[in-house]
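Q: I'm new to this one. Can you walk me through it?

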Amino acid sequence: METVGRILLKMHSANIVHGDLTTSNMIVDKAGEIVLIDFGLSHISPSVEDKAVDLYVLERAFVSTHPNSEQLFACVLEAYSGKDDQAAIAVLKRLDEVRQRGRKRDMSG
């Protein structure tokens, strides 16, 4: 899962937002490397919010389709922030805010 975190950090550092990050949009190639697919909803954005939402969508995908996967997603986030990259830290801080908004939405609707 560290590989996924590193891939996402590299993409987000280049301002590439996937837009539909789910485990269904990850494959393992013949060399055993994880590859992201289906960039149909992707876009270029420097927005911390867009990058945080990208991570939030992946987190929700983990929770909804892979029970007891909290540790796996934690590994993704650890790798994403592993180099103390200030931009990545800002995205992770915003992820916390996005989670709070998501919880409020879940409770009200």
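A: Here are a few helices, their salt bridges and a surface patch.

Q: What kind of model is it, and how are residues numbered?
A: This is a predicted model: local features need pLDDT of at least 70, side-chain atom pairs count only at pLDDT 80 or more, and totals for chains, interfaces and linings use all residues. Residues are numbered from 1 along each chain as its sequence is written, and side-chain values use heavy atoms, with hydrogens and water left out.

Q: How many salt bridges does a search of the whole structure find?
A: The search finds 5. A salt bridge here is a side-chain nitrogen of Lys or Arg within 4 Å of a carboxyl oxygen of Asp or Glu.

Q: Which side chain meets Glu-49 in a salt bridge?
A: Arg-94 does, at 3.0 Å, N to O. Arg-94 lies in helix α4 and Glu-49 in helix α2, so the pair ties together parts that are 45 residues apart in sequence. Helices (H or I, at least four residues) and strands (E, at least two) are DSSP runs, numbered from the N terminus.

Q: Is Arg-94 buried or partly exposed?
A: Arg-94 is partly exposed, because its relative accessible area is 28%. Buried means under 20%, exposed means over 50%, and partly exposed is in between (1.4 Å probe, protein chains only).

Q: What about Glu-97 and Arg-94?
A: Their side chains also form a salt bridge, at 3.3 Å, N to O. They are 3 residues apart in helix α4, so about one helical turn separates them. Salt bridges that share partners join Glu-49, Arg-94, Glu-97 and Arg-101 into one network.

Q: Now Arg-99. Where is it?
A: Arg-99 is in helix α4, residues 86-108. Its relative accessibility is 15%, so Arg-99 counts as buried.

Q: What does Arg-99 touch, leaving aside neighbours within four places in sequence?
A: Arg-99 is in contact (heavy atoms within 4.5 Å) with Tyr-56, Glu-59, Phe-73 and Leu-77. With Glu-59 there is a salt bridge, at 2.9 Å, N to O. That pair links distant parts of the chain: Glu-59 is in helix α2 and Arg-99 in helix α4, 40 residues apart. Both Glu-59 and Arg-99 are buried.

Q: Which other residues of α2 are buried?
A: Among them are Ala-52, Leu-55, Tyr-56, Leu-58 and Phe-62.

Q: And what caps the N-terminal end of α2?
A: Ser-47 does: one of its side-chain oxygens lies 3.2 Å from the backbone nitrogen of Glu-49. That is a polar contact: a pair of N or O atoms within 3.5 Å; within protein, one must be able to donate a hydrogen and the other to accept it, and residues adjacent in sequence count only if both atoms are side-chain atoms.

Q: Switching to α1. Where does Ser-13 sit, and what is beside its side chain?
A: Ser-13 is in helix α1, residues 2-13. A polar atom of its side chain lies 2.7 Å from the backbone oxygen of Leu-9.

Q: How far is Ser-13 from Glu-49?
A: They are 14 Å apart in space, C-alpha to C-alpha, and 36 residues apart in sequence.

Q: Last one: where is Ile-37?
A: Ile-37 is in the loop between β3 (34-36) and β4 (43-44). Ile-37 is partly exposed, with a relative accessible area of 30%.
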